[in-house]
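Let's take a walk through this one together. Have a look at the sequence and the fold first, and then we'll go piece by piece.

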Amino acid sequence: MLVIGIAGGTGSGKTTVVRKIIESLPAGEVVVMPQDCYYKDNKHIPLEVRLKMNYDEPASIEWSLLTQQIKELKEGKEVEMPTYDFITCSRLPETIKLKPKEVIVVEGILVLTDKELRDMLDVKVFVDADADERLIRVIRRDCVERGRTPAMVIDRYQDTLKPMHELYIEPSKRYADLIIPQGGSNNVAIKLLTDYIRSLLPAYAK
């Protein structure tokens, strides 16, 4: 079993890279564990407070649950991955059943900031992109999927996203085995990555 970490700033193109990894392998070979599913459960905190909390720092993630479930998958066990609602900023009662697969992809902005998780990764990737391009993607995504206005997104970017990116996410780039510049549009780098992943899997071993 191969465990791959895909990190990078918000809106950098991580989801595109993950999709292309999945497409490069036979159907059913990849299980994806988004970091966003592992935000701590803050239902006990009033909504107006939850909406103002910082979700772009490592302390917002329940790393112990994420790493435990990776260990269980590597042991051949099924796990119940939590789900998260970005509108109410709380964990949902529904879970997603994950079965062990040949490849586990852990994707999220903070994936390379946690040492225990880093030590479990066979391949560490950082998806890089220009800050302006990332901001445009975040505005489009949050307005469509998370019910926010452009002004709300820009305020959050200035107050939280940009400072947290500079404090935690950008420095984690030094842990990457591979940096993909130009985000998900860098087909050459993504092809090198997917070819390397295939070379590590028993089914493709020479």
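## Ground rules

Contact here means heavy atoms within 4.5 Å. With that in hand, take Leu66: leaving aside neighbours within four places in sequence, Leu66 is in contact with Met33, Tyr38, Val106 and Leu117.

What you're looking at is a predicted model, where local features need pLDDT of at least 70 and side-chain atom pairs count only at pLDDT 80 or more, while totals for chains, interfaces and linings use all residues. Residues are numbered from 1 along each chain as its sequence is written, and side-chain values use heavy atoms, with hydrogens and water left out.

## The sheet

Helices (H or I, at least four residues) and strands (E, at least two) are DSSP runs, numbered from the N terminus. Two strands pair if DSSP finds at least two bridges between them.

Let's zoom in on two of the pairings. Strand E1 (residues 2–8) and strand E6 (residues 123–127) run parallel and share five bridges, and Ile4 has Val123 in E6 as its bridge partner. E2 and E5 also pair in the parallel sense over five bridges, with Val30 standing opposite Val103 in E5.

## A helix across the strands

## Two cores

Now for the inside. Buried means under 20% relative accessible area, exposed means over 50%, and partly exposed is in between (1.4 Å probe, protein chains only). A nonpolar core is a set of buried Ala, Val, Leu, Ile, Met, Phe, Trp, Tyr and Cys residues joined through side-chain atoms within 4.5 Å. In soluble globular proteins, nonpolar side chains tend to be buried together.

The largest nonpolar core has 30 residues, and those with the most contacts inside it are Met33, Leu66, Ile70, Ile104, Val106 and Leu117. At least two residues each come from E1, E2, helix H3 (63–74), strand E3 (79–85), E5 and helix H4 (115–120). H3 gives the most, with four residues. There's also a second, separate core of 19 residues, which includes Val17, Val30, Val127 and Ile180. As for E2, that strand is mostly covered, with four of its five residues buried.

## An aromatic cluster

Rings of Phe, Tyr and Trp (its six-membered ring) pair if their centres lie within 6.5 Å; planes under 30 degrees apart count as stacked, over 60 as edge-to-face and the rest as tilted. A search of the whole structure turns up five such pairs. Tyr39 and Tyr84 are one of them: the ring centres are 5.0 Å apart and the planes are at 45°, so this pair is tilted. Tyr39 is in the loop between E2 and helix H2 (47–50) and Tyr84 is in strand E3, 45 residues apart. Tyr39 is buried at 4% relative accessible area, and Tyr84 is buried at 10%.

Tyr39 also pairs with Phe86: their ring centres are 6.0 Å apart and their planes are at 90°, so this one is edge-to-face. Phe86 lies in the loop between E3 and E4, so the pair ties together parts that are 47 residues apart in sequence. Phe86 is partly exposed, with a relative accessible area of 21%. Ring pairs link Tyr39, Tyr55, Tyr84 and Phe86 into a cluster.

## The cysteines

A disulfide is a pair of cysteine sulfur atoms within 2.5 Å. By that rule, the count is zero.

Cys89 lies in the loop between E3 and strand E4 (90–98) and has a positive phi of about 55° although it is not a glycine. Cys89 counts as buried at 4% relative accessibility, and Cys37 counts as buried at 13%.
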